[in-house]
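Morning, everyone. I have one model to go through today, and I will keep to side-chain contacts.

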Amino acid sequence: MHKPALFLDRDGVINVDYGYVWQQENFHFFEGIFALVAAAKQAGYLVIVVTNQAGIGRGYYTEADFHRLMKWVGEQFVIQGGSVDAVYFCPYHAEQGIGQYKQKSPFRKPAPGMILEAAKKF
C-alpha cells in the first residue's frame, strides 16, 4: 500500500543553516516547522528527512555525533505533536571528503538516492 510522504531537507528547512550544525546548542528550529510536521502526520503523511552531511565526510564531526543530534531532533518533534518516520543522510563528498568519505555517491543530493531508498522501504 502506498502512503504519501513529506520529504524535508534538514539544514535550511528544519533548522537555520549556520554551516555544519552538529550540536544541540547550535540547532535552531525554523518557526512553523513543528506545526508543518504535526499537520502532515495528522493528514496521514510519512515525514522523512533527507540530508547531505558533508561535515562528517570532512571530519568536522562523526556519524555518532550526527545520530545523537538527530535523536534529540526527533524527540523535539514528538514533544511538539509530530514525529519523523526516518532520517536518511549522505556523509560522502567526492572532492572534499577524507578517507572512506571521499567518494561520489548516488545518495548525495541533488541525486535522488535517499528518496529512492525511502520509497523502497516505505
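I will take the aromatic pairs, then the salt bridges.

Keep in mind that this is a predicted model. It holds 10 aromatic pairs. One of them joins Phe29 and Phe77, edge-to-face, at 5.8 Å centre to centre and with 90 degrees between the planes. Phe29 sits in the loop between β1 and α1 and Phe77 in helix α3, so this contact ties together parts that are 48 residues apart in sequence. Phe29 is partly exposed at 21% relative accessibility, while Phe77 is buried at 1%.

Another pair is Phe66 with Phe89: the ring centres are 4.6 Å apart and the planes meet at 40 degrees, so it counts as tilted. Here helix α3, through Phe66, is linked to strand β3, through Phe89, across 23 residues. Phe66 is buried, at 1% relative accessibility.

Ring pairs also join Phe27, Phe29, Phe34, Trp72 and Phe77 into a cluster.

Now the charged side chains. There are six salt bridges. In one, Asp9 meets Lys109 at 2.8 Å, N to O. Asp9 is in the loop between β1 and α1, Lys109 in the loop between β3 and α4, and the two are 100 residues apart. Asp9 is partly exposed at 25%, and Lys109 is partly exposed, with a relative accessibility of 25%.

Which residue forms a salt bridge with Arg10? That is Asp11, with the closest N and O atoms 3.0 Å apart. Both Arg10 and Asp11 are buried.

Last, Asp65 and Arg68 form a salt bridge at 2.6 Å. They are three residues apart in helix α3, about one helical turn. Asp65 is buried at 15%, whereas Arg68 is exposed at 52%.

Definitions and conventions:
Residues are numbered from 1 along each chain as its sequence is written. This is a predicted model: local features need pLDDT of at least 70, side-chain atom pairs count only at pLDDT 80 or more; totals for chains, interfaces and linings use all residues. Side-chain values use heavy atoms; hydrogens and water are left out. Rings of Phe, Tyr and Trp (its six-membered ring) pair if their centres lie within 6.5 Å; planes under 30 degrees apart count as stacked, over 60 as edge-to-face and the rest as tilted. Helices (H or I, at least four residues) and strands (E, at least two) are DSSP runs, numbered from the N terminus. Buried means under 20% relative accessible area, exposed over 50%, partly exposed in between (1.4 Å probe, protein chains only). A salt bridge is a side-chain nitrogen of Lys or Arg within 4 Å of a carboxyl oxygen of Asp or Glu.
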